[in-house]
Amino acid sequence: MKYGELSNFIDGKPSCPAGVKRAQRISPVDGSVISTFPLSGIDELNKAVAAAKKAFPEWSARTIKDRAQILYKYYELLSKNLEECAQIMQDEMGKNLKESMQETAKSLELTEFACSMPQVATGDSERVSGGVQSREEFIPLGVVASIIPFNFPHMVPHWTFPNAIVLGNTMVMKPSREAPYCAIKIGEMLKEAGLPDGVFNVVCGGREIVTGMTEHPDIKAVSFVGSTPVMKIVYEKSSAKYKRCLALGSANNHLILMPDAHPDNSAVNIAASYLGCAGQRCMSACVLVAVGDCDGIIKKIIEESKKFIPGDNMSAIVNAEAKISITGYIDRAEKDGAKILLDGRNAVAPKGLEKGFYIGPTVIEAKRGSEIAVEENFGPVLTVVHAKSLNEALEIANSSPYGNGGSIFTQNGRAAEVFCDNIEVGMVGVNVGVPVPREPFSFGGCKDSITGTGDITGKSAVRFWTRIKKITCKWNPEGKRINWMS
Ligand code: NAD
């Protein structure tokens, strides 16, 4: 096994009680067993929360500038280890090395933003009446939790822990069962960067750990990224215990293609959008709404798609169940009368990777409202539906219960403005396949793609990971400027 027997990372050291059940991690790249990891019980979660609680007083008492210094060191270490982290990601969940490297580079950018927190989370102050000064300070919450999905096992941890800890919190993270070592490795590097023991902890496991996090009295806030059904469970359970919760869910992103769109630019961007990470991205293109006659551009998208070769420049599907689920969606669409314009079901993996899990690029022309056009299949599948006008296309896109991202491809500024004004999503693109804003702008959708207040990254993160203390002082009651409000 390439990575051996993994342990939790608690209080700055590996932790794995004897006798705990273990699961195997099978690499989707080639089907080999690369590690085993603990399916921890509540005892391990309690131990991690206790370590984080113990570390909180000293950590939160440091200045934000001191805490940021450790993140600067972590940034340097991560820069040196980008390739190793990317390799772990590829082995664990199948994202190819190039895309994994792009993800670790994004983790660097997120860390860089957290390093700037002393300039961002400055609080506020004003003379509110004669001789009276009020000020606001951002106060850390205590022990906080972060629950991670499989598809961005390095970037999503960096959405949460750098901001949470630089603002003075201590954290317990639960990685996906598909990529436990990605998170453990972060813990190891943070320790090497000088983070005090207990400030960042990782507990591997399943539902029991997530439920335990939502119920633990010492956990003050829960962040979750994953599918909408689980998002709702986590939000309901956390709120029932009066915890702060921000939870991000599924997506079914619509791209609107206008007949005047730049053919080559659109084809390249749209193909890359639905095929990146083999479609396993919450910002992937899912439904292409073609307005009027876009046949020429659709042909070009198909030609571009053929350049993506599973197991070569195209990532694997995370596990056997996901492959069956995606194939099932394509099979049912075909049965339902949809036209398969490009079929990736019988993708052949390169030599040596035959036991891996792969699906090739798939383009389907389907009816508006059909299952393949409405549900998230989380695979390398682009569903084309047709609309007569931009208004009809917007109506189709806005009928989705999800609201993560959406883009228009056009060379007409007016059409782009109408789209930006009327599309009901959190992240909007014009001629951009994956409209993810870069730091310092925040990440977050709307509708069933998120629940809770604010976004998870950027300045919005300050509000989520802190409470505001309001301090009002009067030091000179005899002063000339004192008035009746004082
Ligand atoms: P998932 O919901 O299955 O799992 C997410 C986390 O919740 C994992 O750590 C998992 O162990 C845990 N979990 C799973 N089922 C649970 C249950 N019943 N009770 C408690 N915990 C449970 O999601 P996934 O398959 O890992 O990730 C893919 C999904 O995440 C897709 O729907 C994708 O759109 C979404 N996603 C959304 C965003 C976003 O920013 N909106 C980002 C990445 C992924």
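A: Happy to! Two strands count as paired if DSSP finds at least two bridges between them. Please keep in mind that this is a predicted model.

Let's begin with the hairpin formed by strands S6 and S7, which has 2 residues between its strands. In the turn, Gly-131 has a positive phi of about 70 degrees. S6 covers residues 124-129 and S7 covers residues 132-140; the two run antiparallel and are joined by 5 bridges. Within this pairing, Ser-125 has Arg-135 of S7 as its bridge partner.

Strand S23 spans residues 466-474 and runs antiparallel to S7, with 9 bridges joining the two.

Now for some parallel pairing, around strand S14. S14 (residues 285-291) is largely enclosed by the rest of the structure, because 7 of its 7 residues are buried, where buried means under 20% relative accessible area. Strand S13 (residues 253-257) runs parallel to S14 and is joined to it by 5 bridges; here Leu-257 has Ala-290 in S14 as its bridge partner. To get from S13 to S14, the chain passes through helix H10 (residues 263-275), making a right-handed β-α-β crossover.

S14 also pairs with S17 (residues 381-387): these strands run parallel, and 5 bridges join them. In this pairing, Val-287 finds its bridge partner in Thr-383 of S17.

Note on methods: Residues are numbered from 1 along each chain as its sequence is written. This is a predicted model: local features need pLDDT of at least 70, side-chain atom pairs count only at pLDDT 80 or more; totals for chains, interfaces and linings use all residues. Side-chain values use heavy atoms; hydrogens and water are left out. Helices (H or I, at least four residues) and strands (E, at least two) are DSSP runs, numbered from the N terminus. Buried means under 20% relative accessible area, exposed over 50%, partly exposed in between (1.4 Å probe, protein chains only). A crossover is right-handed if, with the strands pointing away from the viewer, the path from the first strand over the helix to the second runs clockwise.
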